[in-house]
Amino acid sequence: MDNVRRLLILYGSQTGCAQEVAERIWRESKWLHYSGPVIAIDDYPVEKLIFEKKIIFVCSTTGQGDQPDNMKTTWKFLLRKNLPSNSLTNVEFAVLGLGDSSYVKFNHVAKKLYRRLIQLGGKPLCDIGLADDQHDIGAFAVIDPWIDNLWNVLIEKHPLTNGLMPINRNSLPPPKWNVQCLSSNISIHINDKLPNNDLLKPNSTIVTCLSNTRTTAENHFQDVRLLKFEYSENSINYSPGDVLMVRPVNSETSVNTFFKLLNDNKNMKLSPTTILNVTQCSDDMPIPYNLSKQFTLYQCAKYYWDLNIIPNRYTFQLLSYFTDNELEKEKLKEFTTPEGQEELYSYCNRPRRTILEVLADFPHATANLSLEYLFEIFSPIRPRAFSIASAPSVHKNEIHLLVAVVTYKTKLLAKRIGLCSTWLASLNIGDKIPVWIQKGTFQFPYSQSCNVIMIGPGTGVAPFRSFVHEAVTNKCGNAKTLHLYFGARNRLKDFHCVNDWEKLVADKKLSLFTAFSRDQDHKIYVQHILEQNEEELFKLLSNKECYVFVAGNAKDMPTAVKNVFINILTKNKHLNTIDMMETKGFYQTETWS
C-alpha cells in the first residue's frame, strides 16, 4: 500500500455514534484516494502506531469523563509515563470528540487524548473537534464542518501526485458494502431475529419480564413504568450506579411504513421476504456481526435499522445524489450548505422529523435509492442506557427500570414517540430481551460516616432507589446520613416508588424532602426545597465526607440545583467550592436530554 495515501481511522465508541462518524470519514476519504482501515482503537495493535503517518481519532466520553470500553487498553498504554516523548514524531493526527456539555468533564477523553498525542511528539493536522449533544442541531453542528475542514487541510498538506485528481466531492461516495438479493427459494423464517452480538458483550444475558407497572395515575399526562426483569443467578453482576443497556426494535407500524415507501422504487422490487447477502467491498470495512449471515429485508427493517432516527446533514447530502427532480435536488443541496443549517434545523431537528418522514417528503430521491445505499441512509439502532432502580442485595436476581414513555407533539401532525421507551412499555410478562450491564456515571460511597445528599426529580430518582436500598441493607446509611430530594408535579399522580420511600422514612432509614410543583398555586421545585433547608445542608456539607448526587433532565434543573449549592458554600465561606467537589468526586451529576 502507498503509505503516502494511507489514512488510519480509529474510534472509541460506547453506543455506536463515534463508530458511525468514523465510518463516514472513511467513506469520504476515498474522494482523496486514501485507503486504510477504520477500526476500534483497541482492535489496532498499539505498538504499530509509531509506524503510521496519518491517524484520525474519533472518540466519545462516557460517565464522569471515562473512556469507551473499546479504547481502554490503548488508553492505559498511551498514558504510561515511560513512553519516550518522541514516540509519535512521525505521526500527524486529528482528534474529533463526541460529548455532552451538560456533564462537567465535557469531551474529557478527546481533550486528554489530544494533549497526550502532542506530548508524545505527534503533530496535529487541525484543531480538536468538540461535538456537543446539547447543541440545537446536535453533535453534527461541529462534526460536519470539522470533517470538511479536515479534507481541506489534507489536500493542502498532502496534495495528490502522479496525475491523481480529487474525486468530485459532489459525486456519490462509494458504499460501505456490496449487497445482493438472493433467490427466494432460500428458507429464512420472517420472524427469525438477526444474529445478536449484544450477547457477546461482557456482563450480558437474557432477562425475562416479570412485571410492567404504570407508576403514574391514569389521568396523568405522562406514562412512567416500573419494569421488573428476572435473570439467571450469577449470569450478570451489577452495583448501584450501573446502567442497563437495552437495544430496542422497531414497531410494526414503522416497518409497514418503510415497505410502503419502497413500493415505488424504480431500481428494485423489494418485499419483506427479500433475502439479502452483505459482503465486503474492502478489507478496511468489515461486515457487522448482525449482518454476517443472510437475512430478510423485514429482519433488517425490524431489528437493525433505526426507522425513528432524526436524519443528519449527511443523509440529505446522500439523498441529493439520487433525486431526478430539480426542486428536490435544490432543496436537499441547500440543507447541506452552511447557509442552509437554520432551515435544516427548522425542517428536521425542531419538529423531530424522522427518516421515514423525510423519505416521504422527497419521493423522487426515495424512488431512485439503490440497495447498497439503504445501508448508508439508515443508521443501526443504537443501544439505550437506563439507570438501574433495583438493589442486588434486596431484589435478588432481579433488575428494575423506571422508564418515562417518551411521547410529545410538535408542529407535525403525528405525535413523536421514543423508540426504546415505547418498546419497553409494550413488553408483556414473560417476554425475553437481551441486555448487558455497563458502569454508569455515579460512584456511590458505602460508609457509616459520610453524608449523602441525593437530588432526583422524576425518573431521576431511579439510581437512588438502588443505592438507598443497598446502603440500608448493608448498614451503611440511615435517616441521619441519607437525604433524598424528590420532585414531581403531583403527590397523588407521579410520586414514583412512594411505598419504598414511605417505608424507609417510617423505619428511620431515610430523610425525604419533596417538591410537588402543581399541588399549590405557586410552583415549587427541588431547588426551592433545597433553599429552604440551607442551614441543614451546610451542616451536612461541613462533614469532610459529604457527597452530592444530581440526576434528571438536563434542561434547567441541574444548573438551578448547582446554583443553590454554590450560594450555600459561598454565603457560609466554606473552604470547598463546587468545582473542587466535582474534581474530587464529591459532586456528581447524571443528566439526559
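Strand E18 (residues 451–455) and strand E21 (residues 546–553) run parallel and are joined by five bridges, where helices (H or I, at least four residues) and strands (E, at least two) are DSSP runs numbered from the N terminus. Within this pair, isoleucine 453 stands opposite valine 548 of E21. The model that shows this is a predicted one, in which local features need pLDDT of at least 70 and side-chain atom pairs count only at pLDDT 80 or more, whereas totals for chains, interfaces and linings use all residues. Residues are numbered from 1 along each chain as its sequence is written, and side-chain values use heavy atoms, with hydrogens and water left out.

The two strands belong to an open sheet of five strands, ordered E20-E19-E18-E21-E22 and paired in parallel; two strands pair if DSSP finds at least two bridges between them. At the edges are strand E20 (511–516) and strand E22 (587–592), each of which pairs on one side only. From one strand to the next the twist averages 10°, with axes taken as lines fitted to C-alpha atoms, for helices over the stretch in contact, and angles running from 0 to 180 degrees between N-to-C directions.

Helix H17 (residues 534–542) packs on this sheet and touches E18, strand E19 (482–488) and E21, its direction making about 130° with that of E18; contact here means heavy atoms within 4.5 Å. Helix H18 (residues 557–571) lies across E18, E21 and E22, and runs at about 155° to E21.

Another helix pair is formed by helix H14 (residues 462–473) and helix H15 (residues 498–506), which pack at an angle of about 30° with their axes 12 Å apart. Their crossing is left-handed, a term used if the near helix is turned anticlockwise from the far one by less than a right angle, with right-handed used if clockwise. On the H14 side, Phe464, Arg465, Val468, His469 and Val472 meet Asp500, Trp501 and Leu504 of H15. The residues of this contact of H14 with H15 divide into five nonpolar, one polar and two charged, where Ala, Val, Leu, Ile, Met, Phe, Trp, Tyr, Cys and Pro count as nonpolar, Asp, Glu, Lys and Arg as charged, and the others, Gly among them, as polar.

The UniProt annotation "domain: FAD-binding FR-type", from an unreviewed entry, covers residues 202–445; UniProt positions are given in the numbering used here, feature names are shortened, and annotations may be inferred rather than shown by experiment. Over residues 202–445 the chain is 30% helix and 21% strand, and the end C-alpha atoms are 25 Å apart.

The crossing of H7 and H8 is left-handed, and Arg313, Phe316, Leu319 and Ser320 in H7 meet Lys329, Leu332, Lys333 and Phe335 in H8. By class, the residues of this contact of H7 with H8 are four nonpolar, one polar and three charged.

H8 also meets helix H9 (residues 341–349), the two axes coming within 8 Å and crossing at roughly 105°; H8 and H9 are therefore roughly perpendicular to each other. Lys331, Glu334 and Phe335 of H8 make this contact with Gln341, Glu343, Leu344 and Tyr347 of H9, and the contact of H8 with H9 has three nonpolar, one polar and three charged residues.

An open sheet of three strands has the order E7-E11-E12, with antiparallel pairing. Strand E7 (177–182) and strand E12 (295–296) stand at its edges with a single partner strand each, so one side of each is left without a neighbour in the sheet. Two bridges join strand E11 (residues 275–280) to E12, and leucine 276 stands opposite phenylalanine 295 in E12.

Conventions
Parallel < 35°, antiparallel > 145°, perpendicular 65-115°, else oblique.
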